[in-house]
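Me: I'm new to reading protein structures. Could you walk me through a few features, one at a time?

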Amino acid sequence: MRIIGHRGARGEAPENTLGGFRYLHDLGVRAVEFDVRQLKDDQLVVIHDDDFVRTTGKSQHVESCNLSEAQQFDHRHQWQAWGFEEYTPSLPHVMGCLTDFEHIEVEIKAVTNEAAAERLILQLHQDLIGFEQTATITSFDVKILAALQQHQSHFKRGLLVEIPIGEYAIELAQQYECHQIGWKDQLATDQIIQFTQQAELAVSVWTVNDVERAKHLQQLGIEGLITDVPQLMLQHLKL
């Protein structure tokens with residue numbers, strides 16, 4: 001089982017920032033998950049929410065910005081003691097920090113329609129050149145998975161599941177030729193993990209911040225433990 005830093009290491013550093021990814025790297029962790037959205041100028045940035053309010057304190061919708069505008073927002077709103085400014089990173093800048101990472105889960109946030117999915121995937125494939133062996137593209141949005149399938153993407157892909165649809169999720173993952181399923185922790189019962197493994201799909205579970213729960217999932221043989229607190233997990237898990 002690998003420890004995967006959630007949005008970098010959002011419980012220990014500002015989420016989805018270059019500083020957060022460097023912090024994870026300095027811990028010795030070489031697996032990460034983060035979120036991607038597309039701006040109005042087609043550029044891709046790494047941010048979870050569809051606006052900047054929670055992480056920067058500024059009221060602005062992400063997709064209404066171009067890259068130069070997005071990069072003016074400092075994501076230390078909840079991290080006043082963090083020593084360095086953390087402006088919205090572009091996807092290429094983030095990938096530049098991850099050249100020696102072994103596992104990179106690139107979560108694409110939901111889009112409005114198939115045309116938006118197509119537009120995003122075209123830019124995504126450009127930004128991920130060179131990471132074909134380490135990057136897995138994940139999404140809750142089947143429009144994204146369908147666009148990847150239509151383009152015969154060389155990148156592994158994964159379905160993310162946060163609502164209780166049970167084994168239907170496995171059928172969906174197979175339909176879109178996914179390599180893995182990322183189960184929300186509350187849905188990741190022993191049985192559903194076993195069913196997923198029997199379908200020869202890799203399993204990531206998110207977001208796991210309890211050490212005893214992590215130990216149990218490790219015993220079940222999951223591939224990826226997505227956590228806000230990678231340092232805590234490193235201290236308590238035998239890997």
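Predicted model: local features only at pLDDT ≥ 70, side-chain atom pairs only at ≥ 80, totals over all residues.

Me: Okay, which residues of α8 and α9 meet?

Reply: On the α8 side you'll find D190, I193 and Q197, and they meet H216, L217 and L220 of α9. Sorted by type, the residues of this contact are three nonpolar, two polar and one charged.

Me: And how do I describe the way two helices pack?

Reply: You give the angle between their axes and the distance between those axes. Here, α8 (residues 190–198) and α9 (residues 211–220) pack at about 35 degrees, and their axes are 11 Å apart. The crossing of α8 past α9 is right-handed.

Me: Now for single residues. Is A31 buried or exposed?

Reply: Buried means under 20% relative accessible area. A31 has 4% relative accessibility, so A31 counts as buried. You'll find A31 in strand β2, which covers residues 31–38.

Me: What is A31 in contact with, leaving aside neighbours within four places in sequence?

Reply: With those neighbours left out, the partners of A31 are R2, I3, I4, G5, L24, F101 and H103.

Me: Which side chain does K109 join in a polar contact?

Reply: That's H48: a polar contact of 3.5 Å links the two side chains. Beyond four places in sequence, K109 is in contact with H48, I47, D35, V36 and R37.

Conventions. Residues numbered from 1 in each chain as written. Heavy atoms only, no water. Helix = DSSP H or I, 4+ residues; strand = E, 2+ residues; numbered from the N terminus. Buried < 20%, exposed > 50% of the residue type's maximum accessible area, 1.4 Å probe, protein only. Contact = heavy atoms within 4.5 Å. Polar contact = N/O pair within 3.5 Å; in protein donor to acceptor, adjacent residues only side chain to side chain. Axes fitted to C-alpha atoms, helices over the stretch in contact; angles between N-to-C directions. Left-handed = near helix turned anticlockwise from the far one by under 90°. Nonpolar A, V, L, I, M, F, W, Y, C, P; charged D, E, K, R; others polar.
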